[in-house]
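Take a walk through this model, one piece at a time. Keep the viewer open as you read.

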Amino acid sequence: MDISAFVLFWAAIFTSNILLTNFLGMCSYLSVSREIESSFGLGVAVIFVLTVTSALNWLVYHYILLPFDIVYLQYIVFIIVIAAFVQFLELLIERYAPALYYTLGIFLPLITVNCAIFGVSLFMIIRNYNFLQSIAFGAGSGIGWLLAILLLAGIRRKLKEKMVPQGLRGAGISLIITGIMAMGFIGFSGIVQIQ
Amino acid sequence: MINKILSDIALMSAIGSVLALIMVIAQRWLSNYGEVKVNINGKRELTVKGGNSLLNTLSDQQIFIPSACGGRGSCGACKCKVESGGGPLLPTERPLLSKEEISGNIRLACQVKVKSDIAIEIPESIFNIRRFNSVVEEIIDYTYDIKGITFKLTDGQSIDFKAGQYVQLESQPYEKIKNKVVRAYSISSKPEYKDRIQLIIRQVPDGICSTWVHKHLKVGDKVNFTGPYGDFYLRDTDADILFVAGGSGKAPIKAILEHLKEVGTTRKMTYFFGARSLRDLYLTEDMQALEKVFDQFEYVPVLSHPVAEEHWEGKTGFVMPYFKDAIRDPKHTEAYLCGSPGMISAVTKALKEYGLDEDKIYYDSFG
């Protein structure tokens, strides 16, 4: 791919938002978006974990999986690298930044199972990004995810005072809104294409 | 080919091991909080290893805060007051605490981690809580799904409790159940017996502990329990009393009545016992015999679904409508409820409509 890391960063936020174009990371997106504050906390945690794990997994892929010819095991390896890193991060934050732990750390276990993290690692391999591109793509995807969950949280706050048909309350109306948001984001896609 | 498979397996194992090793070292190094002090009620000070939850730290020190869910943060039984050193309130605690409790520094002991010196307040009665060894002395079938089991304490232990309190029974693994579980059951025998307790246990469909009790427990088996817990006991006033129980909720009321028989009382008491049909009634003769012992005591069984061929001639339907005749002065009446959460909330609502004060309605909910 001969696309600059800078362009990739912005593209990951807007034109190919990991959540609104690939619909990855939906379960925590739907469950945590009830409150803006916790959405923000989770979003920041996702940005951080995405950036670091895409770097880690890029290194693991190019220096372990490729040389030893075990690329077919990338799914398992990526997952355990993500899980171990998140666990490690949780311990670290709990020890050295208790204040951060109470706002951000408690969301870390949720992130281990967030498929957006794993999805980004796979995309960077499939699309053959270099190290810098991978980090930019990871960070951009994270910010895109935060943007999407904040938008939904804001809409859901407005929605609390509105009459929503019984059967649509909760996840139902959230998914419909997400679909409309995704259509809105198609408007950005003319700017740049990365997939 | 086979070499490739083996080397790949070895490589995967190596990657896994390295990560696991990093985690173990990190755990050692990061979760080691050294020795911290736990100050209890400003009187006792314990020096413990930091890093664990408050609940586990205390139980290691033989102080047992009640907990029904085993530390998963779902039952809310392990509430205790943390004066300092508990850190900020966690989102996992918030749903189980009321506004008053939050402003009163009440926390869930299973969620608070002991990482620095901490000061807590717990009721003195918790120090009474012990772990007891016992053997099963007697098993009585009260109904088709309710058994009364007497546990005799061993090793020269004796138990001190108030009639109405409960213990937590530890079940043993059986069949497909690999783990021990802990479940709360009210003591149904009088506190005058210091060397034994009786529990009344209903078979809950698919209940881990009750199935163990009903299908596997035999006379002579060794059983452990901790206790006594709870603030469901008779208040020492001269107010009229309404007892309302259903199913195995008879247990704490039986203990209270048997205790009153020992010490004597002149209070007016009415005992409503709700059941589905005649086959769910038990200990009826014993309860009716008590009507002759006390000056003013009435036992009122009420069946919700009496079966025609049983020829039930007593009261039917819900218990609530019958309270009317039993309440002389709602402001001078205490109610003691014991049974399912649904029954408790329905009865509490009805009693408030009859004019009873909410703080005079005591209950033990079998969740």
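This is a predicted model: local features need pLDDT of at least 70, side-chain atom pairs count only at pLDDT 80 or more; totals for chains, interfaces and linings use all residues.

Two strands count as paired if DSSP finds at least two bridges between them.

Start with chain B as a whole. It holds eight helices and 17 strands. The chain has 367 residues, and 34% of them count as buried. Now look at its contacts with a separation of 6 or more. Residues 24 or more positions apart account for 69% of these.

Next, zoom in on two strands of chain B. Strand β1(B) covers residues 35-40 and pairs with β2(B) in the antiparallel sense. Six bridges join the pair. How many residues of β2(B) are buried? The count is zero among its six residues, 44-49, so the strand is hardly covered; a residue needs 20 or more other C-beta atoms within 10 Å of its own to count as buried.

Move to chain A and its helix packing. Two packed helices are described by the angle between their axes and the distance between the axes. Apply this to α4(A) and α7(A), the latter spanning residues 115-126. Their axes come within 10 Å and cross at roughly 135 degrees. That angle makes α4(A) oblique to α7(A). The crossing is right-handed.

Which residues meet there? From α4(A) come A:Q74, A:F78, A:I79 and A:I82. They meet A:I117, A:F118, A:S121 and A:I125 of α7(A). By class, the residues of this contact divide into six nonpolar and two polar, with no charged ones.

Helix α4(A) also has a part in the contact between the chains. That contact takes 14 residues from chain A and 16 residues from chain B. On the chain A side, α4 (74-96) and α5 (98-103) each supply at least two residues. The largest share, eight residues, comes from α4(A). What classes make up the side of chain A that touches chain B? It has 12 nonpolar residues, one polar and one charged.

Methods: Residues are numbered from 1 along each chain as its sequence is written. Chains are lettered from A and ligands numbered from 1 in the order in which they are written. Two residues are in contact if their C-beta atoms, placed from the backbone, lie within 7 Å. Helices (H or I, at least four residues) and strands (E, at least two) are DSSP runs, numbered from the N terminus. Ala, Val, Leu, Ile, Met, Phe, Trp, Tyr, Cys and Pro count as nonpolar, Asp, Glu, Lys and Arg as charged, and the others, Gly among them, as polar. A residue is buried if 20 or more other C-beta atoms lie within 10 Å of its own, exposed if 12 or fewer, and partly exposed in between; C-beta atoms are placed from the backbone. Axes are lines fitted to C-alpha atoms, for helices over the stretch in contact, and angles run from 0 to 180 degrees between N-to-C directions. Angles under 35 degrees count as roughly parallel, over 145 as roughly antiparallel, 65 to 115 as roughly perpendicular and the rest as oblique. A crossing is left-handed if the near helix is turned anticlockwise from the far one by less than a right angle, and right-handed if clockwise.
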